[in-house]
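Biologist: I'm new to this one, so let me see it before I start asking.

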Amino acid sequence: MDWLHIIGDGLWIAALSIICSSSLGAWKRIPAKVKVPMQWARSGKVSFRASRPIALLAVPVAAFVAGMVMLIVNRNAPADGPDALILFGVRATVPAILAIVHLRWLQAALKTLEDEGEIER
């Protein structure tokens with residue numbers, strides 16, 4: 001079932017490309033001195049902000065590290081049986097979830113910054 005490894009790698013590459021390209025697009029829109037919203041309170045107000053490099057590079061770097069860890073674990077696992085299918089399922093699901101979470105956060109952060117007048121549409 002070596003093809004499962006290849007498909008899993010392809011899914012990670014696709015997810016990382018989505019995450020990195022959306023972060024790059026946001027990087028170009030957000031001025032350098034603006035603090036990016038990272039977390040919101042239940043009231044809807046921003047409770048935590050980070051600088052642009054930290055905010056926009058944290059998720060791509062964390063996703064890359066998580067992908068490398070899963071790649072190493074997956075390479076050491078048996079290549080047949082239910083274990084291979086379970087690991088493939090994890091490697092197929094996690095990148096999609098990371099990409100969706102990142103896109104949702106980025107959309108909310110950009111909307112907050114637009115509402116505050118920090119960036120233009």
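**Around the tryptophan**

Modeller: Start with tryptophan 105: leaving aside neighbours within four places in sequence, tryptophan 105 is in contact (heavy atoms within 4.5 Å) with Val36, Pro37, Met38, Trp40, Ala55 and Leu56. Mind you, this is a predicted model, where local features need pLDDT of at least 70, side-chain atom pairs count only at pLDDT 80 or more, and totals for chains, interfaces and linings use all residues. Residues are numbered from 1 along each chain as its sequence is written, and side-chain values use heavy atoms, with hydrogens and water left out.

Biologist: Which residues have the most contacts inside the largest nonpolar core?

Modeller: Ala26, Ile30, Val36, Leu56, Trp105, Leu106 and Leu110, in a core of 13 residues. Helix 3 gives the most to this core, with five residues. A nonpolar core is a set of buried Ala, Val, Leu, Ile, Met, Phe, Trp, Tyr and Cys residues joined through side-chain atoms within 4.5 Å; buried means under 20% relative accessible area (1.4 Å probe, protein chains only).

Biologist: How do helix 2 and helix 3 pack?

Modeller: At an angle of about 180°, with their axes 11 Å apart. That makes helix 2 roughly antiparallel to helix 3, because angles over 145 degrees count as roughly antiparallel. Axes here are lines fitted to C-alpha atoms over the stretch in contact, and angles run from 0 to 180 degrees between N-to-C directions.

Biologist: What makes the span of helix 2 agree with its 25 residues?

Modeller: At 1.5 Å a residue, times one less than the number of residues, helix 2 (residues 52-76) should span 36 Å, and its end C-alpha atoms are 37 Å apart, which agrees.

How values were computed: Helix = DSSP H or I, 4+ residues; strand = E, 2+ residues; numbered from the N terminus. Buried < 20%, exposed > 50% of the residue type's maximum accessible area, 1.4 Å probe, protein only. Parallel < 35°, antiparallel > 145°, perpendicular 65-115°, else oblique.
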